[in-house]
Amino acid sequence: MGASSGRAVIGRLGPVPDGTQKLVVTEVHRFPNHAIQVGDHLHWDILRLLHEMKKGIRLAFQNGHSPSTFGIDTWGVDFGLLDANDELLGNPYHYRDSHTEGLIEEVSGLVGEEALFLQSGLQFMPFNTLYQLYAMKKAASPKLDIAQTLLLTPDLLTYLLTGIKSCEFTMATTTQLYHPGTQEWNAELMEKLGIPPRLFMEPVHPGTIIGPLTPAVTAELGVPALQAVAVGTHDTESAIAAVPAGDEPFAFLVCGTWSLLGTEMLQPLLSDETLQLNFSNEGGVGETYQLLKNIMGLWLLQECKREWDEQGQETSFPELVKMAEQAAPFRSLIHPDDPRFFSPGGMVGKIHAFCEETNQPLPQTKGEIIRCILESLALRYRQALEQAERLTATQFPGLHMVGGGIQNQLLCQFTANALGKPVWAGPIEASAIGNMLMQLVALGECKDLREARQLVAASFPIDVYEPDSDASWTNAYEAFIGFGIV
């Protein structure tokens, strides 16, 4: 489940003519995922998503597949609250809802920025679960008084299908309320902020079997009692599990609505410099941690397209990329992580405002605007990769790019050009594949994460993008760094 669409995907492990084992992936259902504005708040349409997931399970069997397990991965941080009867208290808030505005500074003032980082290891982002719950506390939300259990989005959907409540580790670490040092929920911080510790369950690790579909769901769908598996339920961590890397340290970029760039570690890196460079330590599969930076990503392009579509100027993503390819290079640049770009709506105007404030020509045509976005993202990736290398004292030979965003070949080439290093792109459906890998681990079909990644390397093609030796990228990077955003 992504922030803009969901899909039901079947994975089958079997031999191919040369006798090796490969993972064969088949999509059986795809559906849109739209935020819903209700009054002053932005919500997820969680029951519609549940309906589409049920439809995907039914279609899998109708199409002749016979899965024995399923796993759910979604975006991080968002949650639903259950009452004493284990019923859902309203529609979950969307992470782009405005009720958390200004709360990073307020909470940092109460707790201390350094203390907060050492107790969570996370990049300070306004959508983190901590700020959402604190916003509800400030608003005197009765839901917090009534609620008995908090379930993060994939755990909530698993509960609605199985009737079993659980909390998966990788998602727990996105909340800013899980202490990476003690490996426990940070009850002291919760109490200081007025957040009830009773809401939080003990996390389980990826590869844990949760339990079967309820009898009611199996009867409704006419399917067997599939077993739910706790996979890397945070989609970023599932995607990283599917990076076809070897045993050497590697850098990754999970490319989609968000871009997540970093490297895999055995322990969280809780240094002063990690805090200053605003990196996160997110729990990964296989008892790892991901040292990474959240970057605004293709949200910028998606929002421009949505704006044009609503104005009756519908253009496909491939057409927009073609226009960008034909536009003049380095005419204008933005910093993708300027806070103005976070909220939905008016993206073209926001890009114009940034360029005007930084004394650059305003990109006017669709091609100019999209090229501005893609070049700026590539330069941001270089900045984040250099920061990751500095933090880990490692020089990475190149960058592994995975996720749906790698279908944008121009972005992949721009990234290689900006880095001056090769980009290895693939697989596309990385989150779904990583999800499947942990189901295979739970079933004993794969021994561990290392063996699972070898399976990915044997199963899916990788496209290689070599950098152009164009000095204009170096000049553009110097201008980009001048925007002054870490």
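Me: What do the side chains of Glu 368 and Arg 331 do?
Reply: In this predicted model, they meet in a salt bridge, 3.6 Å from N to O.

Me: Which parts of the chain does that pair link?
Reply: Distant ones, 37 residues apart. Glu 368 is in helix H15 (residues 366–392), while Arg 331 is in the loop between helix H13 (317–326) and helix H14 (347–357).

Me: Is Arg 331 buried, exposed or partly exposed?
Reply: Partly exposed, because its relative accessibility is 33%.

Me: OK, and what about Glu 375 and Arg 371?
Reply: Their side chains form a salt bridge too, at 2.7 Å from N to O. The two are four residues apart in helix H15, so about one helical turn separates them.

Me: How many salt bridges turn up in the whole structure?
Reply: A search finds 20. One of them pairs Arg 453 with Glu 264, with the closest N and O atoms 2.8 Å apart. That pair links helix H18 (residues 449–459) to strand E13 (residues 259–265), 189 residues apart.

Me: Switching topic: where does Ala 418 lie?
Reply: In helix H16, residues 409–419. Ala 418 counts as buried because its relative accessibility is 3%, under the 20% cut-off.

Me: Which residues does Ala 418 touch?
Reply: Leaving out residues up to four places away in sequence, Ala 418 touches Ala 378, Leu 379, Arg 382 and Trp 473.

Definitions and conventions
Residues numbered from 1 in each chain as written. Predicted model: local features only at pLDDT ≥ 70, side-chain atom pairs only at ≥ 80, totals over all residues. Heavy atoms only, no water. Buried < 20%, exposed > 50% of the residue type's maximum accessible area, 1.4 Å probe, protein only. Contact = heavy atoms within 4.5 Å. Salt bridge = Lys/Arg side-chain N within 4 Å of Asp/Glu carboxyl O.
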